[in-house]
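Please open the model in your viewer and keep the sequence panel beside it. The tour below goes from one selection to the next and says what is to be found at each stop.

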Amino acid sequence: MTIEAFQWTGGPDQLEDPVWICEAIRDRSVVFEDAGTDGITMRVSTLEGVMLARPGDWIIRGVEGEIYPCKDSVFQASYVVASRPADSAGAPALSLAEAEAALETQTAPRITQDGITAKIASTEYFRSRTLTICVVTMSNGFHLLGTSACASPENFDQAIGERYAYQDAFRQIWPLEGYLLRERLAASAAEQHGQDDAVEAPRVPRVGAQDTRSRGEPRP
């Protein structure tokens, strides 16, 4: 269920109000009391009667157009944002080469292209007209499929098709390897945490005692 809502401040810092709350104010289903004071309240007429909202509360418009207030703590526990403004826009600030160079300076565990390539046991290619299919078999027996299709038959080149099909299969390995790395890191952290929390058991004294690349990669 998706609803619309805004957090009411009760003051001049409320820069913009949704159209639906403005209409409710005009038809008097929403009225204010003690406006201009610290005790300002919003009285909202609902199907259950008049509900009181105070600054900081959320004003919600339900799926059927009904309007009602909600305490901030209840709102935060009950709803999640369905959409939000983008963090940035436009072309990436770094080129691919710059990003890869920056990654080379990182010292924390990470997935690398050479590391993935070392886990590839074999690569096979199949062609159907201008469609190229790449079957990558990992050292553990897992298979991945990559494809490449040429829109204009006149532009088809088998070597190019193999390269793009291989890249299509290869890129699917990254998230799988990322998941495995995250699992290992989480297990290591949990083990370390357990060691840190461990309390040494009391001793009972005894009497009298003290990468290489796969040859299946498509030809350049």
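A residue is called buried when its relative accessible area is under 20%, exposed when that area is over 50%, and partly exposed in between, as calculated with a 1.4 Å probe on protein chains only. Before you select anything, please note that this is a predicted model, in which local features need pLDDT of at least 70 and side-chain atom pairs count only at pLDDT 80 or more, while totals for chains, interfaces and linings use all residues. Residues are numbered from 1 along each chain as its sequence is written, and side-chain values use heavy atoms, with hydrogens and water left out.

Select Asp34, which is partly exposed because its relative accessible area is 49%. Asp34 is not a glycine, and yet its phi is positive, at about 55 degrees.

Is Arg28 buried or exposed? Its relative accessibility is 60%, so Arg28 counts as exposed.

Now select the strands β1, β5 and β6, which form an open sheet in the order β1-β5-β6 with antiparallel pairing. The edge strands are β1 (4-7) and β6 (67-70), each of which pairs on one side only. From one strand to the next, the twist averages 25 degrees, an angle between axes that are lines fitted to C-alpha atoms (for helices over the stretch in contact), taken between N-to-C directions and running from 0 to 180 degrees. Two strands count as paired if DSSP finds at least two bridges between them.

Look at β1 together with β5 (residues 58-61), for these antiparallel strands are joined by four bridges. Glu4 stands opposite Arg61 in β5, and Phe6 has Ile59 of β5 as its bridge partner.

Continue to β5 and β6, which also run antiparallel and are joined by four bridges. Which residue in β6 is the bridge partner of Arg61? That partner is Ile67. Finally, select Gly65 in the hairpin of β5 and β6, which has five residues between the strands, and find its positive phi near 90 degrees.

Note on methods:
Helix = DSSP H or I, 4+ residues; strand = E, 2+ residues; numbered from the N terminus.
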